[in-house]
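Biologist: Please show me the sequence and the structure. Then we can go through the contacts one at a time.

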Amino acid sequence: MAERTLGKITVVTAGTSIRATVNESDPLHRYPAHSYMVEVNSSNTGKIYVGKSDPVDRTNWTNVIAILPPPTSNIFPAFSATVTYSVASFNMAEVWIDADNSGESVLISSIEA
């Protein structure tokens, strides 16, 4: 298994979900992962929403997997998911991010099989 970073993912417009693989050469390609982690940026001021498909509905929480609060001076909230019995069960192209505020971002890392 190998660590992989999908890099800094910035929500350009709040309310418009962005694919976790937006920085990849082919964002729609299947990027299998054993586990992944989403960590908020230290400069965020609003909540981050991690979703399983587009759109991530911040109002009704449709397709929302996790809600991450803004960071504090010494805590950077993160969400992680792992399936121990099924290697490569996540497709990172099916993970979506939204935010309360435009321009906020996350760091996404994964463990590939």
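**Core, rings and charges**

Modeller: The largest nonpolar core has 24 residues, and those with the most contacts inside it are Tyr36, Val38, Val50, Met92, Ile97 and Ile108. A nonpolar core here is a set of buried Ala, Val, Leu, Ile, Met, Phe, Trp, Tyr and Cys residues joined through side-chain atoms within 4.5 Å. Buried means under 20% relative accessible area, exposed over 50%, and partly exposed in between, with a 1.4 Å probe and protein chains only. This is a predicted model: local features need pLDDT of at least 70, side-chain atom pairs count only at pLDDT 80 or more, and totals for chains, interfaces and linings use all residues. Residues are numbered from 1 along each chain as its sequence is written, and side-chain values use heavy atoms, with hydrogens and water left out.

Biologist: Which strand supplies the largest share of this core?

Modeller: Strands are DSSP runs marked E of at least two residues, numbered from the N terminus. At least two core residues come from each of β1 (2-10), β4, β5, β6, β7 (78-82), β9 and β10. The largest share, 3 residues, comes from β4.

Biologist: Is Tyr36 buried or exposed?

Modeller: Tyr36 lies in strand β4. Leaving out residues up to four places away in sequence, Tyr36 touches Val50, Ile65, Met92 and Val95, among others; contact means heavy atoms within 4.5 Å. Its relative accessible area is 4%, so Tyr36 is buried.

Biologist: How many aromatic pairs are there?

Modeller: Rings of Phe, Tyr and Trp (its six-membered ring) pair if their centres lie within 6.5 Å; planes under 30 degrees apart count as stacked, over 60 as edge-to-face and the rest as tilted. By this rule the count is 2.

Biologist: Why is the pair of Tyr36 and Phe79 classed as it is?

Modeller: The ring centres of Tyr36 and Phe79 are 6.1 Å apart. Phe79 lies in strand β7, so its pairing with Tyr36 ties together parts 43 residues apart in sequence. The planes stand at 65 degrees, so the pair is edge-to-face.

Biologist: Which residues do the ring pairs link into a cluster?

Modeller: Tyr36 and Phe90 also form an edge-to-face pair, 5.2 Å centre to centre with 85 degrees between the planes. Phe90 is in strand β8 (residues 90-91), 54 residues from Tyr36. The cluster consists of Tyr36, Phe79 and Phe90.

Biologist: Now the charges. How many salt bridges does a search of the whole structure find?

Modeller: Side chains of opposite charge can pair when their charged atoms come close. A salt bridge is a side-chain nitrogen of Lys or Arg within 4 Å of a carboxyl oxygen of Asp or Glu. The search finds 5.

Biologist: How many residues apart are the parts that Asp98 and Arg58 tie together?

Modeller: Asp98 forms a salt bridge with Arg58, their closest N and O atoms being 3.4 Å apart. Asp98 lies in strand β9 and Arg58 in the loop between β5 and β6 (64-68), so the pair ties together parts separated in sequence by 40 residues.

Biologist: Which residues do salt bridges that share partners join into one network?

Modeller: Asp100 forms a salt bridge with Arg58, with closest N and O atoms 3.6 Å apart. Lys47 forms one with Asp100, at 3.5 Å. The network joins Lys47, Arg58, Asp98 and Asp100.

How values were computed
Helix = DSSP H or I, 4+ residues; strand = E, 2+ residues; numbered from the N terminus.
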